[in-house]
Amino acid sequence: MSVHDDITSVQRSIDDLYRSLGRLEHQLGSGGLEMRRVRLDADHLRESLALLREAADTRESPRRPDLVTISDTPYDTSLWVGSDDEGLGARDRHAP
């Protein structure tokens, strides 16, 4: 099963949970603290699943970084005037 199939299956289960909670609410009433708490927990499950679906969508279609073309022509030597050679120091001085 793919991730989307699993998420869809969980969504169906949460929908079933909501239907069952509706029947329980009809039988027990919605005024009790326990019923409100269960309803709130079910709402959190639905929100968490929506966040998980968004995360799965972005992970499956990763954004490819933009490519940068690097020219084969040599660099202008004036770019390196006054620079140090890495690990050797400046051109007019001796390495320690």
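This briefing describes the fold, surface and side-chain pairs of one protein chain. The structure is a predicted model, in which local features need pLDDT of at least 70, side-chain atom pairs count only at pLDDT 80 or more, and totals for chains, interfaces and linings use all residues. Residues are numbered from 1 along each chain as its sequence is written, and side-chain values use heavy atoms, with hydrogens and water left out. The chain has two helices and zero strands; helices (H or I, at least four residues) and strands (E, at least two) are DSSP runs, numbered from the N terminus.

**Overall build**

- Of the 96 residues in the chain, 10% are buried; buried means under 20% relative accessible area, exposed means over 50%, and partly exposed is in between, with a 1.4 Å probe and protein chains only.
- Among contacts with a separation of 6 or more, 57% join residues 24 or more positions apart, a contact being heavy atoms within 4.5 Å.
- Helix 1 covers residues 3–28, and helix 2 covers residues 33–60.

**Surface**

- The chain has an accessible surface of about 8,600 Å², and carbon and sulfur atoms supply 56% of this surface; areas come from the Shrake-Rupley method with a 1.4 Å probe, and for residues only the protein chains shown count as cover.
- Val68, Ile70, Tyr75, Leu79 and Trp80 make a nonpolar surface patch of about 650 Å².
- Patches are made of residues with over 30% relative accessible area and no salt bridge, with like charges joined within 9 Å and nonpolar side chains (Val, Leu, Ile, Met, Phe, Trp, Tyr) within 5 Å.
- Tryptophan 80, one of the patch residues, is placed in the segment after helix 2 and counts as partly exposed because its relative accessibility is 46%.

**Salt bridges**

- The whole structure contains three salt bridges, each defined as a side-chain nitrogen of Lys or Arg within 4 Å of a carboxyl oxygen of Asp or Glu.
- Arginine 46 and aspartate 15 form a salt bridge in which the closest N and O atoms are 2.9 Å apart. Arginine 46 is in helix 2 and aspartate 15 is in helix 1, so this pair ties together parts that are 31 residues apart in sequence.
- Arginine 46 is partly exposed at 33% relative accessibility, and aspartate 15 is partly exposed at 25%.
- A salt bridge also links arginine 39 and glutamate 25, at 2.7 Å from N to O. Arginine 39 belongs to helix 2 and glutamate 25 to helix 1, so the pair ties together parts 14 residues apart in sequence.
- Glutamate 25 has a relative accessible area of 23% and is therefore partly exposed.
- Aspartate 16 and arginine 19 meet in a salt bridge of 2.1 Å, N to O. Both residues lie in helix 1, three residues apart, which is about one turn of the helix.
- Aspartate 16 is partly exposed at 40% relative accessibility, as is arginine 19 with a relative accessible area of 47%.

**Rings and other positions**

- The charged end of arginine 46 sits over the ring of tyrosine 18, 3.9 Å from the ring centre; a charge sits over a ring if NZ of Lys or CZ of Arg is within 6 Å of the ring centre and within 35 degrees of the ring normal.
- Aspartate 43 is in helix 2 and is partly exposed, with a relative accessible area of 28%.
- Aspartate 43 and isoleucine 14 are 29 residues apart in sequence, and their C-alpha atoms are 9.3 Å apart in space.
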